[in-house]
Amino acid sequence: MKTRYSFGGDEHVFVEIDEEMSLEAFFKSLSMTNAVRDAQIRGVTEICPANASFQIKFDPDVISPDDMLAEIKSLEKQADKADPVINTRIIEIPVFYNDPWTHETLMRFRERHQDPKSTDIEYGARINGYGSVADFIAAHSGSPWFVSMVGFVAGLPFLYQMVERGRQIQVPKYLRPRTDTPKLTVGHGGCFSCIYSVRGAGGYQMFGITPMPIYDPEQKISYLRDFMCLFNPGDIVKWKPIGREEYDQAVADVDAGRFVPTIRNVTFDLAEFNRNIDAYNAKLLEALHA
């Protein structure tokens, strides 16, 4: 990895850790943004982490761009020496795959799709070499996913599949973006999955929908009263396939304030993960239901 620094106007420094997303790049980005925060550099007004990069906003009347750049660069060696270990959470997200709402939406936009004769999930299964949609769902939900950043739309997580690169599900975005995507759609573009936190335009392939809200600006939902966005960078997600009956029950439970997400605190060690990915993932999933 070769870190690249650049200015964004006269109030931002953009730091690209790597051109490719990887957990190693994420951990270095996280370590550097934590170091910037802990250093309490005069003039820093905002720290914005992303998948394999981050941006620092600063007040040029307090610190010059060159001095800001020098301060950040001085923290890189510290980040390289940091242990790639974080205390985080694993969160179970129920997903109704092949649901009627995303299906209705994707059928309205087939002329914008690479394969107008199939559904998004059929297309995703075929180009990733799976013999059936059921096999594809098993692969999509069988391993955990890492929240590498939250943003673009308020509360929207970008999720990176925690398997060897050769096994990662990859699908292109639509040829042209849709003008509509149902709220809480589970989508996928490139190597990233996401959950659409609100209804709106989008270009990711649509595989299903979750009944579990992840963003509540009014903070009325029982598990979102302390913070309106569910996810933080570094969280780990496990998809749980459900059917229509379970979906409807979960929606009713959310509305009644009875829905309790399955969330467990865990420690994630990147070095241990890389030594045996499948065994480490199995240990994480055991912790989820311990």
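## Two domains

Domain bounds here come from an automatic or database domain assignment. On that basis, the protein splits into domain 1 (4–82) and domain 2 (87–289). Their C-alpha centres sit 29 Å apart.

A quick word on the model: it is predicted, so local features need pLDDT of at least 70, side-chain atom pairs count only at pLDDT 80 or more, and totals for chains, interfaces and linings use all residues. Residues are numbered from 1 along each chain as its sequence is written, and side-chain values use heavy atoms, leaving out hydrogens and water.

## Where the domains meet

Ten residues from domain 1 and 14 residues from domain 2 make the contact (heavy atoms within 4.5 Å). Together the two domains bury about 1,100 Å², with 73% of it on carbon and sulfur atoms; buried area is the accessible area (1.4 Å probe) that two parts lose on being put together, summed over both. Met21, Leu23 and Asn51 supply 49% of what domain 1 buries against domain 2, more than any other three residues.

As for salt bridges (a side-chain nitrogen of Lys or Arg within 4 Å of a carboxyl oxygen of Asp or Glu), the count between domain 1 and domain 2 is zero.

Strands E3 (residues 44–49) and E4 (residues 53–58) run antiparallel, joined by five bridges. Strands are DSSP runs of E, at least two residues, numbered from the N terminus, and two of them pair if DSSP finds at least two bridges between them. A hairpin takes E3 to E4 through three residues, and Ile47 stands opposite Ile56 in E4.

Notes. Helices (H or I, at least four residues) and strands (E, at least two) are DSSP runs, numbered from the N terminus.
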